[in-house]
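The points move from individual residue pairs to the chain as a whole.

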Amino acid sequence: MNVLQFPILSLMTYLPLVGVFFISLLPKECKGGVRWTALAFTIANLLASLWIPANFDSTTVEMQFVEKVSWIPSLGVTYFFGLDGISLWLVLLTTFLSVIAVICSWESVSMRLKEYYAFILMLETGMLGVFFSLDFFLFYIFWEVMLVPMYFLIGIWGSDRRLYSAIKFFLYTLFGGVIMLLGILAVYFYHGAQTGVYTFDILELMKLSYPSTPILTLLGVSFSFQDLVWLAFFLGFAIKVPMFPFHTWLPDAHTDAPTAGSVILAGVLLKMGTYGFIRINLPLLPEATQHFVPMIMILSIIAIIYGALVCMVQTDMKRLIAYSSVSHMGFIVLGMFALNPQGVQGSIIQMVNHGLSTGALFLIVGLIYDRRHTRQISEFGGLSKQMPVYATLFAIIMFSSMGLPGLNGFIGEFLILIGAFKVNYVWAAFAVTGIVLGAAYMLWLYQRTMFGALENPKNADLPDLSFRELTTLVPIIVMCFWIGLYPSPFLSRTEASVNYILARVHKQQAVAEPTLSSPATSGSTRLTTGFDRPVLSFVEGLRTSGWSIKAGQEPGGPVLPVQGSALHHAGASRD
């Protein structure tokens with residue numbers, strides 16, 4: 001379905017590459033022209049992306065703005081772009097933060113300016129391609145291509161240990177991507193063997209139910225085909241998140257990346273791991289998803305508490321914020337694998353919230369680093385007297401990261417905790433400690449840098465924020481208040497897609513597959529359900545996976561009212 005009748009997704013994906021071409025034509029001495037060209041193309045892409053929510057149909061589970069063309073027929077590869085409520089806000093977040101990344105680098109980067117902005121634009125292309133791709137071949141290409149510009153951004157424009165951090169980032173994520181490729185090939189060949197049709201089309205591959213009977217036993221644990229494929233995808237996505245214990249590349253990459261690299265890394269790249277979970281692991285391999293829920297919940301809780309505790313002992317502001325991402329991303333994964341509407345919707349909105357608040361925190365650190373060329377917390381104190389505007393905006397972003405009511409972080413954490421409590425109150429209780437610890441380390445950071453006496457003479461003449469610097473922070477703060485005070489537009493557009501994925505995971509009733517029909521087609525699929533109404537019975541779904549709920553159990557779930565004729569029983573029976 002493409003209501004615009006125009007390939008807007010391809011336009012958005014490749015428009016930054018056009019910007020790269022124009023930048024390559026400019027002489028390297030024309031630094032102003034390079035900056036303004038990069039800014040013009042990122043703003044143009046942001047404006048183009050605004051057409052998507054304006055024309056998005058929040059009542060359907062169909063993929064929208066679809067572009068599908070046969071690409072390599074002999075291999076079953078299609079050029080297949082599409083978008084639904086799962087990827088909608090991540091796309092907007094990408095185009096929004098790309099503009100911020102260009103502006104925040106305006107004065108802080110002067111070396112090899114053409115290459116720097118070219119890599120920023122190429123990175124935007126890779127990120128958007130991942131969120132739009134509905135063909136595994138295309139998805140994998142964008143997933144791997146995206147590593148190259150980030151590697152160079154860290155390795156060339158980073159700080160002291162930039163080469164070590166860049167190589168570590170590249171090797172970790174490349175290794176995860178290769179293992180994910182094995183999972184892709186496994187479902188590709190299994191689908192071909194069962195149906196005679198070899199395809200990388202993600203939606204087609206989801207129509208087949210994959211074996212969930214044990215075929216392998218390791219260390220006394222039995223694994224099915226689904227389990228092994230699920231673990232292959234899990235490793236690729238968990239490294240990207242990064243989940244504990246695959247997180248060790250993140251603090252180094254964040255600490256040594258330039259400010260724009262840290263903003264994009266925290267704001268968008270980490271979300272590709274959680275996006276992969278909800279786009280692929282949950283709907284494609286539902287039995288394995290339920291099988292591994294206890295493991296995921298335990299790893300998420302460890303990440304929440306461990307990340308927060310490590311933050312308490314950091315002396316580098318950037319490294320502290322990097323470890324806070326480990327804790328916050330643990331919250332997102334916790335809500336996603338609660339496998340209920342509140343938890344999953346909370347995790348999606350929290351992806352956006354984390355991108356805004358943590359991206360802004362890295363901007364905050366970058367702004368003071370440009371003035372003092374140090375990130376050591378001990379070097380500061382009393383900055384609120386010298387830089388009151390900076391201190392005020394820092395406070396708002398800090399409260400957003402802590403989840404203060406009225407700001408965006410509260411909405412996501414509240415929904416995630418509701419979802420977790422519905423499944424197991426013990427898990428939720430442990431997760432709550434992460435919020436308390438998060439408030440502790442953020443308030444401690446703010447107290448040590450903003451309050452107290454202005455004793456260091458090097459801080460006595462620091463200028464407050466300029467107009468250009470305000471343009472990087474104020475739009476983010478506006479978004480934080482918007483989501484915090486009026487989250488309905490953001491939640492309503494994810495609801496149908498979330499309910500569809502949960503219906504696939506629990507396999508309790510007929511599930512309408514996303515189609516490519518136009519809105520006027522009689523066979524188009526519509527899914528209507530209230531936000532506060534459970535999609536299905538968690539008790540029954542979880543019981544079939546072999547584990548039980550001790551508290552917060554829901555009664556039997558109602559059948560989703562699905563209209564239309566193109567209905568499929570997606571994996572109604574287990575193999």
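Is Asp201 buried or exposed?

1. Asp201 has a relative accessibility of 3%, so it counts as buried. The model is a predicted one, and all remarks here should be read with that in mind. Asp201 is joined by a salt bridge to Lys68, with 2.7 Å between the closest N and O atoms. Lys68 belongs to strand 1 (residues 64-72), whereas Asp201 sits in the loop between helix 8 (162-195) and helix 9 (202-205), so the pair ties together parts that are 133 residues apart in sequence. Lys68 itself is partly exposed, at 38% relative accessibility.

2. A further salt bridge links the side chains of Asp84 and Arg279, with an N to O distance of 2.6 Å. Here Asp84 is in the loop between strand 2 (77-83) and helix 4, and Arg279 is in helix 13 (residues 271-284); the pair therefore ties together parts that are 195 residues apart in sequence. Asp84 and Arg279 are both buried.

3. Lys207 and Glu204 also form a salt bridge, their closest N and O atoms lying 3.0 Å apart. Lys207 is partly exposed, with a relative accessible area of 38%, and Glu204 is likewise partly exposed, at 30% relative accessibility.

4. Over the whole structure, a search finds eleven salt bridges. A network of salt bridges links Glu107, Arg371, Arg468 and Glu469.

5. The largest nonpolar core comprises 188 residues, and those with the most contacts inside it are Phe136, Phe233, Phe277, Leu284 and Phe337. The element that gives the most to this core is helix 4 (residues 85-104), with 15 residues. A second, separate core has five residues, including Val66, Phe80, Leu134 and Leu203.

6. Which residues are in contact with Leu284, leaving aside its neighbours within four places in sequence? They are Phe136, Val187, Leu205, Met206, Tyr210 and Phe233. Among these, Phe136 and Phe233 are also listed with Leu284 among the residues with the most contacts inside the largest core.

7. Helix 2 (residues 31-49) packs with helix 5 (residues 113-132) at an angle of about 10°, and their axes are 9 Å apart. Because angles under 35 degrees count as roughly parallel, helix 2 and helix 5 are described as roughly parallel to each other. On the helix 2 side, the contact is made by Lys31, Val34, Arg35, Ala38, Thr42 and Asn45. Helix 5 contributes Leu113, Lys114, Tyr117, Leu121, Glu124 and Leu128.

8. Ser400 is placed in helix 19 (residues 388-402). With a relative accessibility of 2%, Ser400 counts as buried. Not counting residues up to four places away in sequence, Ser400 touches Ser357, Leu407, Asn408, Gly409 and Cys480.

9. Some totals for the chain complete the picture. The protein chain contains 24 helices and eight strands. Of its 575 residues, 63% are buried. Among contacts in the protein chain with a separation of 6 or more, 80% are between residues 24 or more positions apart. The protein chain exposes about 20000 Å², of which carbon and sulfur atoms supply 68%.

Conventions
Residues are numbered from 1 along each chain as its sequence is written. This is a predicted model: local features need pLDDT of at least 70, side-chain atom pairs count only at pLDDT 80 or more; totals for chains, interfaces and linings use all residues. Side-chain values use heavy atoms; hydrogens and water are left out. A nonpolar core is a set of buried Ala, Val, Leu, Ile, Met, Phe, Trp, Tyr and Cys residues joined through side-chain atoms within 4.5 Å. Buried means under 20% relative accessible area, exposed over 50%, partly exposed in between (1.4 Å probe, protein chains only). Helices (H or I, at least four residues) and strands (E, at least two) are DSSP runs, numbered from the N terminus. Contact means heavy atoms within 4.5 Å. Accessible areas come from the Shrake-Rupley method with a 1.4 Å probe; for residues, only the protein chains shown count as cover. A salt bridge is a side-chain nitrogen of Lys or Arg within 4 Å of a carboxyl oxygen of Asp or Glu. Axes are lines fitted to C-alpha atoms, for helices over the stretch in contact, and angles run from 0 to 180 degrees between N-to-C directions. Angles under 35 degrees count as roughly parallel, over 145 as roughly antiparallel, 65 to 115 as roughly perpendicular and the rest as oblique.
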